[in-house]
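These are my notebook entries on one protein chain.

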Amino acid sequence: MNEQERRSANLLGAMSLLVAGAVRDAVTEAVGAGGALGEALIAIKDQPGRTADWLAGVLHISQPGTAHLVRRLTEQGWITRESEGRRRPLRLTPEGERRAADALAARQVVLDRLVERLSGAQRAQLAGVAEALLGPEARSEQTLAELCRLCDRAVCRECPVHEGWRKCCSEGG
């Protein structure tokens with residue numbers, strides 16, 4: 001790898017920390033609680049009816065950590081745990097829906113502020129780069145959920161991650 005390639009990779013790493021930190025802070029402020037609460041709300045909003053085990057995998061947290069997270073979400077009145085045989089699907093309450101919507105709106109404000117610094121051509125280039133990096137990473141439904149756990153699906157109608165997962169599955173990958 002030459003010097004320019006190493007620099008590009010290094011800048012990508014720094015940019016990812018900038019974006020991740022800004023989004024995390026905005027989601028935390030909108031939800032009024034830190035940790036994985038905001039991510040959990042958005043993930044459950046996106047895929048209601050999934051279980052705590054699924055949520056643990058998406059958020060990369062332990063079983064005890066997930067139990068604590070689900071308990072906190074329930075105590076806040078943001079989710080319900082229904083009983084369907086042995087399954088206990090997670091669903092947002094109306095207040096949970098509002099909190100998830102607030103978190104997504106706060107996330108969008110931060111991302112808009114960052115993207116506003118770019119010219120139209122740079123924005124198009126950024127979208128192309130993001131699509132090229134994200135699409136091939138979605139090798140499973142789990143990876144799809146992990147990568148899009150903070151996405152506002154209504155904004156990205158042609159999701160490169162979902163398209164990558166679809167291609168992977170149709171090709172037997």
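The entries below follow that order.

**Entry 1: the model.** I note that this is a predicted model, in which local features need pLDDT of at least 70 and side-chain atom pairs count only at pLDDT 80 or more, while totals for chains, interfaces and linings use all residues. Residues are numbered from 1 along each chain as its sequence is written, and side-chain values use heavy atoms, with hydrogens and water left out.

**Entry 2: the whole chain.** I found 8 helices and 2 strands in the protein chain; helices (H or I, at least four residues) and strands (E, at least two) are DSSP runs, numbered from the N terminus. Their order from the N terminus is α-α-α-α-β-β-α-α-α-α. Along the principal axes, the C-alpha atoms fill a box of roughly 55 × 40 × 30 Å. Of the 173 residues, 31% are buried (under 20% relative accessible area, with a 1.4 Å probe and protein chains only). Among contacts (heavy atoms within 4.5 Å) with a separation of 6 or more, 61% join residues 24 or more positions apart.

**Entry 3: H2 against H5.** At what angle do H2 and H5 pack? Helix H2 (residues 37–46) and helix H5 (residues 94–115) pack at about 110°, their axes 9 Å apart. Axes are lines fitted to C-alpha atoms, for helices over the stretch in contact, and angles run from 0 to 180 degrees between N-to-C directions. H2 is therefore roughly perpendicular to H5 (65 to 115 degrees). H2 contributes Leu41, Ile42 and Lys45 to the contact, and H5 contributes Gly96, Glu97, Arg99, Ala100, Ala103 and Leu104. I sorted these by class into 5 nonpolar, 1 polar and 3 charged residues. Here Ala, Val, Leu, Ile, Met, Phe, Trp, Tyr, Cys and Pro count as nonpolar, Asp, Glu, Lys and Arg as charged, and the others, Gly among them, as polar.

**Entry 4: H2 against H4.** H2 also packs with helix H4 (residues 63–75), at about 80° and with axes 11 Å apart. These two helices are therefore roughly perpendicular as well. Leu37, Ala40, Leu41 and Ile44 of H2 meet Leu69, Arg72 and Leu73 of H4. This contact has 6 nonpolar, no polar and 1 charged residues.

**Entry 5: cysteines.** How many disulfides does the structure hold? I found 0 disulfides (pairs of cysteine sulfur atoms within 2.5 Å). Cys148 has the sulfur of Cys159 as its nearest cysteine sulfur, 4.0 Å away; that is too far for a bond. Cys148 is buried at 2% relative accessibility, and Cys159 is buried at 15%.

Definitions and conventions. Angles under 35 degrees count as roughly parallel, over 145 as roughly antiparallel, 65 to 115 as roughly perpendicular and the rest as oblique. Buried means under 20% relative accessible area, exposed over 50%, partly exposed in between (1.4 Å probe, protein chains only).
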